[in-house]
Amino acid sequence: MRLNFSRTLFFAAIMGGFALAMGKAQPFFPSNSVQAMETSKSQSLQGTTWYISGWPSAPVPGSAPITLQFKGGPHSGSLRDRLTGTAGCNTFNGAYTSGDGNLTINQALATTRKACTAEVMAQEQRFLQLLLQVTSYSIGNDGQLTLTYLKDGEQDSISFIPANQYSALHNSQWQLVTMAGVEPIANENSRAIPQLQFLGDRLTGTGGCNRLMGQFTIDGDNLTVDERMASTMMACSEPLMAQEQQFIQALVNAQKYEILTSGELVIDYLMGEKTEQLVFLPLTEEDSAPR
């Protein structure tokens, strides 16, 4: 009897666990598969608009924001679901299907025929080609969209921020005019002056000597730059290196930003207990530093 009773308890425990799992509808999958399934069920692409925030390329100064807008048709998952957007110069539109974390964009994308600079057009063509190779999507806890694509048998991704996180600062390029009221000195060799480019949540630029890379977030007019900024390791003159370090420190101490009606970008930052300002003018393609 003890043996039968133990077997009965064992069997009941198994069946109870099975019933519990069935009730929660959570079969065992690798963690990335579970995340993709949960995302696809709880986060639909239909009716959403996105701005690019990261991909294997630097933004081209002067190009329009790269955007995506998913428009659902009357029957979800059919080719009546439409995708529109801007690719840096031209607008495009086409059809897509999505479901269970999978995303397929129909190869017959239509675009307008506006002509931009060669560099902007090259960026646009690259983006559109990668878009057609997308195989899946996910929306993270931070609200960002990640599109995964296959190129030459290898996976890579493009990330986007939702439209409600986008501001006038995104997809903009700037050249420093003054730092704490002082005009910057130019690189004695390249004549480079500190510059910044904002794309999605990424911040790139130059301190006048080295290339700078980091991340930023915006909340209203509050600007936060991640203190883990990276840079190249070139050596320049002592005054230029001192200016670059001051510039980096000012960025990671940023508090607020404002784009004035006259066009300048003003970033307030803390220097000790005093608030100072970085003032920038919009950067044109001709003014941009070599990448």
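# Strands, helices and cores in a predicted model

Student: Which residue in β18 is the bridge partner of Asp268?

Tutor: Gln277 is the bridge partner of Asp268 in β18. This is a predicted model, where local features need pLDDT of at least 70, side-chain atom pairs count only at pLDDT 80 or more, and totals for chains, interfaces and linings use all residues. Residues are numbered from 1 along each chain as its sequence is written, and side-chain values use heavy atoms, with hydrogens and water left out.

Student: What's pLDDT, and what's the average here?

Tutor: pLDDT is the predictor's confidence in each residue, from 0 to 100. The protein chain averages 81, and 78% of the residues score at least 70.

Student: Where does pLDDT stay under 50?

Tutor: Over residues 1-42. The model has 9 contacts beyond four places in sequence for that stretch. A contact means heavy atoms within 4.5 Å. Where pLDDT is low, the predicted coordinates should not be read in detail.

Student: Back to strands. How many are there in the chain?

Tutor: The protein chain has 18 strands, along with 4 helices. Both are DSSP runs numbered from the N terminus: helices are H or I with at least four residues, strands are E with at least two.

Student: How do β17 and β18 run, and how many bridges join them?

Tutor: They run antiparallel, joined by 7 bridges. Two strands pair if DSSP finds at least two bridges between them. β17 covers residues 265-271, and β18 covers 274-282. Their hairpin has 2 residues between the strands, and Gly272 takes a positive phi near 70°.

Student: What about β16 and β17?

Tutor: β16 (residues 254-259) pairs with β17 in the antiparallel sense over 5 bridges. Ala254 has Tyr269 as its bridge partner in β17. That hairpin has 5 residues between the strands, with Gly263 in the turn at a positive phi of about 105°.

Student: Which strands does β13 pair with?

Tutor: β12 (residues 202-206) pairs antiparallel with β13 (residues 211-219) over 5 bridges. β14 (residues 222-225) pairs antiparallel with β13 over 4 bridges. β15 (residues 230-231) runs antiparallel to β13 too, through 2 bridges.

Student: What stands opposite Met213?

Tutor: Thr204 stands opposite Met213. Ala230 in β15 also stands opposite Met213.

Student: Which residues have the most contacts inside the largest nonpolar core?

Tutor: Leu68, Phe127 and Leu131, in a core of 27 residues. Helix α3 (residues 118-131) gives the largest share, 4 residues. A second, separate core has 23 residues, including Met179 and Phe198. A nonpolar core is a set of buried Ala, Val, Leu, Ile, Met, Phe, Trp, Tyr and Cys residues joined through side-chain atoms within 4.5 Å.

Student: And what counts as buried?

Tutor: Buried means under 20% relative accessible area, exposed over 50%, partly exposed in between (1.4 Å probe, protein chains only). Buried residues make up 37% of the 291 residues in the chain.

Student: What does Phe127 touch?

Tutor: Leaving out residues up to four places away in sequence, its contacts include Trp55, Leu68, Phe92 and Phe160. Phe127 is itself one of the buried residues of α3, as are Val120 and Leu131.

Student: Where do the buried residues of α3 fall around its axis?

Tutor: They fall within an arc of 160°, so they line one face of the helix. The arc is that of the directions from the helix axis to the C-beta atoms.

Student: Which residues of α4 are buried?

Tutor: Leu240, Gln243, Glu244, Phe247, Ile248, Ala250 and Leu251. They cover an arc of only 160°, which puts them on the same side of α4. On the other side, Glu238 and Pro239 are exposed.

Student: New topic. Is Asn187 buried or exposed?

Tutor: Buried, at a relative accessible area of 6%. Asn187 sits in the loop between β10 (172-179) and β11 (195-199). Among the residues it touches are Cys209, Cys236 and Leu240.

Student: What about Arg191, buried or exposed?

Tutor: Exposed, with a relative accessible area of 55%. Arg191 is also found in the loop between β10 and β11. Its phi is near 65°, a positive value in a residue other than glycine. Most residues other than glycine have a negative phi.

Student: Where is Asp100, and what is its phi?

Tutor: Asp100 lies in the loop between β4 (91-99) and β5 (102-105). Its phi is positive, near 55°. Asp100 is exposed, at 54% relative accessible area.
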